[in-house]
Amino acid sequence: MTVRSVLDTKGHQVISVSPDAKLSAAIKILSERRIGAVMVMSGQKIDGILSERDVVRVLGERGAGVLDEPVRSVMTSKVITCRETDTVSAIMEVMTTGKFRHLPVVESDRIVGLISIGDVVKWRVAEYEREQEALHDYIKTA
């Protein structure tokens, strides 16, 4: 199964903020949308990604005063991406090895989606259930 399959099921919507947005505004978006990360973008260009982990880390290091700082001072600027043709197994390995939970999907220098580890797990469980059902049906008809 490919990343495209996951995106076709979950959708291609990507929530983003400007690198100049205040951290408090980005946190509000994370909270209201009940998501774990937002892309940090200037137009169509990816500048970084801001995750819940980034927020917790910087609050622990610098305190609540950081809430008035721009997202660019907190975001993860080295963003690993994947393509729609990558397999779910491959991106699981990338996410596990890199110890991150969100992976932007990029095609032709354009972001076309964002995959979370939750999306991957949900997809793998559904795939496992489909396989189990197919085996069960096969055994019943044998």
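This is a predicted model: local features need pLDDT of at least 70, side-chain atom pairs count only at pLDDT 80 or more; totals for chains, interfaces and linings use all residues.
Residues are numbered from 1 along each chain as its sequence is written, and side-chain values use heavy atoms, without hydrogens and water. Local features need pLDDT of at least 70 and side-chain atom pairs count only at pLDDT 80 or more, whereas totals for chains, interfaces and linings use all residues.

Biologist: Are helix 4 and helix 5 parallel, antiparallel, perpendicular or oblique to each other?

Modeller: Helices are DSSP runs of H or I with at least four residues, numbered from the N terminus. Helix 4 (residues 88–98) and helix 5 (residues 117–141) have axes 11 Å apart and pack at an angle of about 140°. Angles under 35 degrees count as roughly parallel, over 145 as roughly antiparallel, 65 to 115 as roughly perpendicular and the rest as oblique. The two helices are therefore oblique.

Biologist: Which residues of helix 5 make the contact with helix 4?

Modeller: Contact means heavy atoms within 4.5 Å. On helix 4, the contact is made by V88, S89, I91, M92 and M95. On helix 5, the residues are I117, V120, W123 and R124.

Biologist: How many of the residues in this contact are nonpolar?

Modeller: Ala, Val, Leu, Ile, Met, Phe, Trp, Tyr, Cys and Pro count as nonpolar, Asp, Glu, Lys and Arg as charged, and the others, Gly among them, as polar. By these classes, the contact of helix 4 with helix 5 has one polar and one charged residue, and the nonpolar residues number seven.

Biologist: How does helix 4 pass helix 5, in a left-handed or a right-handed crossing?

Modeller: A crossing is left-handed if the near helix is turned anticlockwise from the far one by less than a right angle, and right-handed if clockwise. For helix 4 and helix 5, the crossing is left-handed.

How values were computed:
Axes are lines fitted to C-alpha atoms, for helices over the stretch in contact, and angles run from 0 to 180 degrees between N-to-C directions.
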